[in-house]
Amino acid sequence: NGIRSRAVIHKGSLRALQRVTDSGHAFHVFDEQGTPRPDALLWFGGREYAATADGTIVLPFTTQPGGHRVVLKAGARAHFPIG
């Protein structure tokens with residue numbers, strides 16, 4: 001009868017710790033239980049960055065300063081950090 005509904009279910013989460021290095025910003029991704037996710041990917045500016053063997057994702061410096069958004073992905077989870 002013209003009535004529709006939609007739900008968004010959040011199952012788990014991802015978070016990243018970030019530090020600045022000589023090569024760019026280094027990220028380490030963790031799940032909601034604090035377990036490191038070395039299989040994580042980071043999407044930024046239309047490109048995908050994968051973690052190295054030690055689980056570090058290095059995002060090189062950009063020539064366009066300012067705040068930019070990234071997307072974190074590990075397994076079937078994707079996260080759009082706020083801020």
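Colleague: Quick one: which residue in S5 does Gly 24 stand opposite?
Modeller: That's Pro 60. Keep in mind that this is a predicted model.

Colleague: OK, and how do S2 and S5 pair, parallel or antiparallel?
Modeller: Antiparallel, over five bridges. S2 also runs antiparallel to S1, with seven bridges joining them. One of the partners there is His 28 in S2, which is bridged to Leu 17.

Colleague: How many residues sit between S1 and S2?
Modeller: Three, and the two strands form a hairpin.

Colleague: Is S2 mostly covered or mostly open?
Modeller: Mostly covered, with six of its eight residues buried.

Colleague: Switching topic: how many residues are in the largest nonpolar core?
Modeller: It has 12, including Phe 27, Val 29, Leu 59 and Val 70. The elements giving two or more residues to this core are S2, S3, S5 and S6.

Colleague: What does Val 70 touch, apart from its close sequence neighbours?
Modeller: Its contacts include Leu 42, Phe 44 and Leu 59, and also His 79, Phe 80 and Pro 81.

Colleague: And charges? How many salt bridges are there?
Modeller: Two. In one, Glu 32 pairs with Arg 77, with the closest N and O atoms 3.2 Å apart. Glu 32 is in the loop between S2 and S3 while Arg 77 is in S7, so the pair ties together parts that are 45 residues apart in sequence.

Colleague: Which residues make the other salt bridge?
Modeller: Asp 39 and Arg 37, at 2.9 Å from N to O.

Colleague: Is Arg 37 buried or exposed?
Modeller: Buried, at 17% relative accessible area. Asp 39 is partly exposed, at 41%.

Definitions and conventions:
Residues numbered from 1 in each chain as written. Predicted model: local features only at pLDDT ≥ 70, side-chain atom pairs only at ≥ 80, totals over all residues. Heavy atoms only, no water. Core = buried A, V, L, I, M, F, W, Y, C linked by side-chain atoms within 4.5 Å. Buried < 20%, exposed > 50% of the residue type's maximum accessible area, 1.4 Å probe, protein only. Helix = DSSP H or I, 4+ residues; strand = E, 2+ residues; numbered from the N terminus. Contact = heavy atoms within 4.5 Å. Pairing = 2+ DSSP bridges. Salt bridge = Lys/Arg side-chain N within 4 Å of Asp/Glu carboxyl O. Lists of a residue's contacts leave out its neighbours within four places in sequence.
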